[in-house]
There are 2 protein chains.
Amino acid sequence: MPSPSKREQIVDEALRLFYRHGFNATGVDKIIASAGVSKKTLYSHFRSKDELILATLRKRDEMFRNKMMRETERRAAAPRDRLLALFDFLGDWFNEDGFSGCMFINAAAEFSAQDNPSHMVAAEHKRLVVDYIREQAQLAGARDPAALAHQINLLMEGAIVYAHVIGDRQAATRARDMAEVFVRQQLDG
Amino acid sequence: MPSPSKREQIVDEALRLFYRHGFNATGVDKIIASAGVSKKTLYSHFRSKDELILATLRKRDEMFRNKMMRETERRAAAPRDRLLALFDFLGDWFNEDGFSGCMFINAAAEFSAQDNPSHMVAAEHKRLVVDYIREQAQLAGARDPAALAHQINLLMEGAIVYAHVIGDRQAATRARDMAEVFVRQQLDG
DNA sequence: TCTCAAGTAGACAGACCTGTACACCTTGAG
DNA sequence: CTCAAGGTGTACAGGTCTGTCTACTTGAGA
C-alpha cells in the first residue's frame, strides 16, 4: 500500500505550486522534483494530474476554512463580532507573503465550464464558506441569516478580487466597513 | 505593410478562445485555424503569443467599458440611477450565453505575479472602471465620489465572482440592493 | 536471511507547444 | 507585363507536456 506521508508530500507541494503559478502552467515534472518523489510514486497515488488537482483543491478547502474559522473565533467571541472579524482575517491573508488571490476563483478561471470537476469543487468551497457565515449570523440573531451570509460573502469575494487584481491594501477594511452596515441592518433596531 | 483587417480577425478570434478556454490552454495553432490565417501572418502582426494576449486584453478592455457605459447610459439618464443601472448591465451579462466570468480576473488568476504585463493590464482595466463610476458618482453629487465608486465596484466584483464560480443567477440583483444602501448614504439626508 | 512491497532514477512514446523557414500563390501599382 | 508585398500551407526545430515502462534500491517482517 502506498505511503500516506508520500501522498501528503505530493499534495502539499502541488498545492504550493498550483497556487503560485496556476494549474496548467505547473507540470508534473516540477511537482515531483519539488516534492522529492518519483513519477511512479505520484501516479500510484493519483490516476492523473486532474485527480491530483482535485485532491489539492479539497485539501485547500479544508485548510482554508479551518484557518478562517480558527482565526475568526480567536479574534472575537460574540457571533456578531465574528461576522466582522472575518474581514480582519482577510486583511491578514492579503498581506501574507505569496498571496495570489483565492485558489478557487483561480481554479474557476482556468476551468471555466461550470460542469468541470475542479470548477465544481470551487463552487462547493464557496457554498461551505457561506454556510459557516450563515451559522454565525443565525447565532447572532439575524432576521434573515441566509441573506446576511450572502451579503457578507459577496463583500468578501469583492475584497479578494480587489486585493489580488489591483493590489489594494485597504480592500479588507473597506469591505469590513460596508459589512457593518448590513450587520447593523439585521441586528440593531 | 500587414493588413489591419487580418490583425483584427486574429485578435477577435483570440479573444473568443482565450475567454472561453483560458490563455495557457489555448494554443496558437487553434487561433490561426479559427481565424483562417497562416502562422506567418499572426507572427508578422505579433512578435509572440504574449504580445497577442496583451493586444486581446486591451481590446477587451475597450469593448467592455464601451458596452458598460453605453448600456448603463441607455438604461438611466440621471447619474444617480446609472450607479444602480450598472448592476442591471451585469445581470444581463451574467445571463449571456458563454459567460465565463471577468476576463481580467481570469487573466490575473493565470498571470498571478503583480508585475506580469497581462496582470498589469487587468489592474489598469479595473482602475478605469472605477474612474467611470467615480465620474457618475460625482455628477450625482456624492459627498465622497471616490469612496462610493470603490464601494460600488467592490460589489460588482463580488457579484461577478458569485455569478461565475457559484453560478448564482441572483448575484446582480443582490449586489444592486446592497449598492442602493451606499448610494442613499451619500446622496440622501 | 529471504522476500516482497514501495520507492528511486530515468528512458521513452506520443502528443502538443511556440516560433521559424521555405516554397508557392495572389493581387494591385507602375 | 512585371514584380514586389502580403498572404497561404506546411514542414520543421527544439522544447515541454502527460503518462507508462523498465531496472535498480531500500527496508521491514516472516
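Burial and salt bridges in a predicted model

User: Why is Glu51(B) called partly exposed?
Analyst: In this predicted model, Glu51(B) has a relative accessible area of 28%. Buried requires under 20% and exposed requires over 50%, so Glu51(B) at 28% is partly exposed.

User: What makes the contact of Arg47(B) and Glu51(B) a salt bridge?
Analyst: Their side chains meet at 3.5 Å, N to O, and the cut-off is within 4 Å.

User: Why does Arg47(B) count as exposed?
Analyst: Its relative accessibility is 72%, and exposed means over 50%.

User: Is Glu71(A) buried or exposed, and why?
Analyst: Glu71(A) counts as buried because its relative accessibility is 18%, where the limit is under 20%.

User: What is Arg75(A) called, and why?
Analyst: Arg75(A) has a relative accessible area of 28%, so it is partly exposed. The side chains of Glu71(A) and Arg75(A) meet in a salt bridge of 3.0 Å, N to O. Both lie in helix 4 of chain A, four residues apart, about one turn of the helix. Residues three or four places apart point the same way, because an α-helix has 3.6 residues a turn. Glu71(A) and Arg75(A) also belong to a network of salt bridges with Arg74(A) and Asp92(A).

User: How do you know that helix 8 of chain A is largely enclosed by the rest of the structure?
Analyst: Of its 22 residues, 20 are buried, so helix 8 of chain A is largely enclosed. Helix 8 of chain A also gives the most to the lining of the largest cavity, with four residues.

Key. Residues numbered from 1 in each chain as written. Chains lettered and ligands numbered in written order. Predicted model: local features only at pLDDT ≥ 70, side-chain atom pairs only at ≥ 80, totals over all residues. Heavy atoms only, no water. Helix = DSSP H or I, 4+ residues; strand = E, 2+ residues; numbered from the N terminus. Buried < 20%, exposed > 50% of the residue type's maximum accessible area, 1.4 Å probe, protein only.
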